[in-house]
Amino acid sequence: MSRPLLMIPGPVEVDETVLQALGQPPLSHTAASFIEIFGACLDALREVFRAPDGQPFVVAGSGTLAMEMAVANLIEPGDRAVVVDTGYFSHRMADVLARHGAVLESVSAPAGDCPSLERVESALKAGAKVLAITHVDTSTGVLAPVPDLAALARRYNALTVVDGVCALGGETFEMQAWDVDVCLTASQKALAVPPGLALVMAGPRAIEAFEARRRPAGSYYCDWDLWLPIMHAYQARKPSYFGTPPTNLIVALYESVKQILKEGMEARWARHRKLGASMRAAMQALGLKWVPARPDLCADTLTTIYYPDGVDDTLVGRIGQHGVAVAGGLHPDIKGRYFRIGHMGILCDAEIRQTVAAVEAALKDAGYLGENGAGVTASQAAYEHAR
Ligand SMILES: *Cc1c(COP(=O)(O)O)cnc(C)c1O
């Protein structure tokens, strides 16, 4: 059987030119051609993160390693950290912080909601070195109000760390203008590259806080002391070595980043708003309910939908039989009650249409009497009208 269309929240569909870059014979990490590509890629990433004064780190690893790199370099045992808890990946961030000795306060909300600014503020009042935010929690589809939260963190002198793994390159994000100190992501989500790269962008306050540490970072592989000279060398187009960079993946990342900047960040964010609006309109037209508690909490990079009455989690497999891979639930409180559709990266209305048609067909197979065709029609109208 042919490969299904990947509509899970990572890995995502990848452009042909990115795949071609990945499939080339490997370059030496000290070859002039590779040094130029890696250096140019690091420069270009500042534009993608909107962090002209940021220090990028790109290393082999997944998003979880990027989370650990941020935490390991900022937190010393006993430092206080506040976590804005919007789901599964906020829980993971809390675990990573705890592992590195942070004294934690998680400000939680029921699945599908985001804690109020007032509650986050009262947690920050007690003092905190770090405020951790998951921009889009992939388990709930909840989009956190990063600019408001980062402004609060500034007021209480905490560093803002944003897990942008399911957001960066899809959702509007302005690292410098929003006063965010660290943003991290991975290659396989909205950056539209196969899995394998961890990306961290550190702003000037984060680097200062790192330099003021009393003890070295509690992780050898993540230590910025070891990676900073490497990133500086590539930025200066000089050879250098610490851990061998995954050269093929970096060439592929550069290919995708060039495409992202060619499209333009504003245009890319607008396209993702269309993807989100059209998927939500389709689900609404089918009579289904999404997980985020309010429309302003809905991410545009993925949609999380409750199964309708009488339909269970076999729906994910049924959708797969119609050629589209979607994901089951992940948040522990509602795991068996909903499914997730990722729509980030290079997609446009054709893939939304194909996905909605597969969901409709699967719902019909499951005996749910939706209005067949209503979802596709609604998604197309919403795609054209979303701005
Ligand atoms: C996917 C994801 C992660 C973890 O990334 P891995 O590459 O799976 O380690 C972390 N945070 C968010 C928000 C994610 O979506």
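Val182 touches Ala70, Leu74, Thr160, Val161, Val162, Met175, Val200, Met201, Ala202, Ala206 and Trp224, leaving aside residues up to four places away in sequence; a contact here means heavy atoms within 4.5 Å. The model is a predicted one, in which local features need pLDDT of at least 70 and side-chain atom pairs count only at pLDDT 80 or more, while totals for chains, interfaces and linings use all residues. Residues are numbered from 1 along each chain as its sequence is written, and side-chain values use heavy atoms, with hydrogens and water left out.

Val182 belongs to strand β9 (residues 182-186), where helices (H or I, at least four residues) and strands (E, at least two) are DSSP runs numbered from the N terminus. Its relative accessible area is 0%, so Val182 is buried; the classes are buried under 20%, exposed over 50% and partly exposed in between, with a 1.4 Å probe and protein chains only. Ala70, one of its contacts, is 112 residues away along the chain, yet the two C-alpha atoms are separated by 7.1 Å.

Because 5 of its 5 residues are buried, β5 is largely enclosed by the rest of the structure. Val130, Ala132 and Thr134 point one way from the strand, and Leu131 and Ile133 point the other way. Strand β3 (residues 80-85) runs parallel to β5 and is joined to it by 4 bridges, with Val82 opposite Leu131. Strand β8 is also parallel to β5, through 5 bridges, and here Ala132 stands opposite Val161. Val161 is also among the residues that Val182 touches.

An open sheet of 3 strands has the order β11-β14-β13 and antiparallel pairing. Its edge strands, β11 (302-306) and β13 (327-328), each pair on one side only. Between β11 and β14 (residues 338-342) there are 5 bridges in the antiparallel sense, and Tyr306 has Tyr338 as its bridge partner in β14.

A few backbone details deserve a look. Most residues other than glycine have a negative phi, and most peptide bonds are trans. The bond from Gly10 to Pro11 is cis, with omega near -5°, and Pro11 lies in the loop between β1 (5-6) and α1 (16-22). Asn157 has a positive phi near 65° and sits in the loop between α6 (146-155) and β8 (159-163); its relative accessibility of 59% makes it exposed. Arg237 has a positive phi of about 60° in the loop between α8 (224-235) and α9 (247-263), and with a relative accessible area of 30% it is partly exposed.

Turning to the whole chain, there are 13 helices and 14 strands. The radius of gyration, taken over C-alpha atoms, is 21 Å, which agrees with the value near 21 Å for a compact globule of 387 residues; the globule rule is 2.2 Å times the number of residues to the power 0.38. The C-alpha trace spans about 60 × 55 × 35 Å along its principal axes. Buried residues make up 59% of the chain. Of the contacts with a separation of 6 or more, 72% link residues 24 or more positions apart.

Notes:
Pairing = 2+ DSSP bridges.
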